[in-house]
Amino acid sequence: MTDLSVQLGPLQLRNPFLSASGTFGHGLEMKHFVSPDALGGWVSKTVTIEPRAGNPAPRICETEAGFLNSIGLENRGVQAYLDNIVPALRGSEAVIITNVGGASPDDFVTAVERLEEAEEVDAYELNLSCPNVQGGKLPYGTDPAVAEDVTRRVKDVTKKPVFSKLSPNVSRIGDMAKAVEAGGADGVTAVNTLLGMAVDWRTGAPGLATVQGGYSGRGVKPVALRCAWECARSVDIPVIGCGGISTLEDALEFLVVGCSAVQIGTASFANPGLLAELVLELPAKLQEAGVDSVEALIGSIRTPEGV
Ligand SMILES: Cc1cc2nc3c(=O)[nH]c(=O)nc-3n(C[C@H](O)[C@H](O)[C@H](O)COP(=O)(O)O)c2cc1C
């Protein structure tokens with residue numbers, strides 16, 4: 001019998017597959033494609049204290065190997081999440097991770113304090129890394145001291161596990177991972193979208209109304225894999241890999257570089273049933289590799305001496 005379970009800090013997941021925030025509904029809307037119990041866990045779209053309308057359209061733009069988005073954290077706010085989404089989570093066996101965002105460290109703390117009333121929420125993911133807010137400028141979450149401070153302040157108001165989601169748009173992501181570990185994070189999610197842009201050379205029209213936005217999907221995988229590896233070798237807490245994963249082989253690469261679980265985002269737009277398919281394919285692939293558990297693969301990369 002192949003053991004698909006993984007340990008994610010204090011959480012035990014039945015398998016290493018999670019949805020990526022903002023790409024798989026807000027609660028369990030995608031249950032018609034994937035049974036909630038099939039996945040390791042469901043990650044919500046970012047919830048902020050106040051409702052946000054998001055950015056002007058166009059805010060999605062397809063490119064050669066993935067797409068750009070500048071959704072701008074559109075959501076109906078924490079109260080609407082508690083009133084409308086959380087009741088539908090009641091009774092579900094799925095591990096629910098609520099992703100939280102904000103314009104300041106205080107916003108994160110207040111949002112988590114409010115969410116504490118929802119026992120259906122098993123853990124939090126802090127979106128320290130959205131490139132689509134604050135006028136498209138790099139957000140405060142690229143500063144290790146601020147990321148550490150936000151993580152610590154959130155940990156002070158909850159006993160639930162907290163995963164800090166990092167941006168790839170930094171020169172030393174390992175330092176960011178160390179900072180959130182020092183702030184008490186139970187794990188790191190690596191990574192959010194890369195800053196990118198598109199333009200029509202004939203008309204001069206940018207692909208996104210905000211000009212720059214977050215690049216995701218197939219094309220970002222090598223960058224995301226390097227970020228995940230760098231995080232995994234920098235900290236002792238678990239790393240959740242994310243970025244460009246579209247196949248089972250992609251997912252296994254993230255496990256081998258040291259991730260304890262993986263999230264799938266953009267690839268679910270093309271195939272909303274993909275996550276469930278990957279879970280089903282996993283046991284045979286592990287057997288083919290000669291291992292009887294997912295844990296046996298985690299961190300099995302053979303990094304050359306001195307690298
Ligand atoms: C349309 C869209 C919306 C997203 N919204 C969020 C969000 O609300 N919060 C967040 O932390 N990440 C958000 N992300 C980032 C994804 O969760 C993920 O980190 C990123 O897309 C890389 O993974 P992928 O290449 O598998 O999509 C969004 C991505 C896309 C494409």
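**Strands and ligand shell in a predicted model**

S9 and strand S10 (residues 187-190) run parallel as a pair, joined over four bridges. Between the two strands the chain passes through helix H4 (residues 173-182), and this β-α-β crossover from S9 to S10 is right-handed. The model is predicted.

- Strand S9 spans residues 162-166 and is mostly covered, with five of its five residues buried.
- Val162, Ser164 and Leu166 point one way from S9, while Phe163 and Lys165 point the other way.
- Residues on both of these sides are buried, the charged Lys165 and the nonpolar Phe163 among them.
- Strand S8 (residues 123-127) also pairs with S9 in the parallel sense, over four bridges.

**The antiparallel sheet**
- An open sheet is formed by four strands in the order S5-S6-S12-S11, with antiparallel pairing.
- Strand S5 (60-63) and strand S11 (194-197) are the edge strands, and each pairs on one side only.
- From one strand to the next, the twist averages 40°.
- S5 and strand S6 (residues 66-69) are paired over four bridges in the antiparallel sense.
- Thr63 has Gly66 in S6 as its bridge partner.

**The ligand shell**
- The ligand is surrounded by 26 residues, and the closest are Ala20, Gly22, Ser216, Gly265 and Thr266.
- By type, the shell contains nine nonpolar, 15 polar and two charged residues.

Methods. Residues are numbered from 1 along each chain as its sequence is written. This is a predicted model: local features need pLDDT of at least 70, side-chain atom pairs count only at pLDDT 80 or more; totals for chains, interfaces and linings use all residues. A residue is buried if 20 or more other C-beta atoms lie within 10 Å of its own, exposed if 12 or fewer, and partly exposed in between; C-beta atoms are placed from the backbone. Two strands pair if DSSP finds at least two bridges between them. A crossover is right-handed if, with the strands pointing away from the viewer, the path from the first strand over the helix to the second runs clockwise. A residue is near a molecule or strand if its C-beta atom, placed from the backbone, lies within 6 Å of it. Axes are lines fitted to C-alpha atoms, for helices over the stretch in contact, and angles run from 0 to 180 degrees between N-to-C directions.
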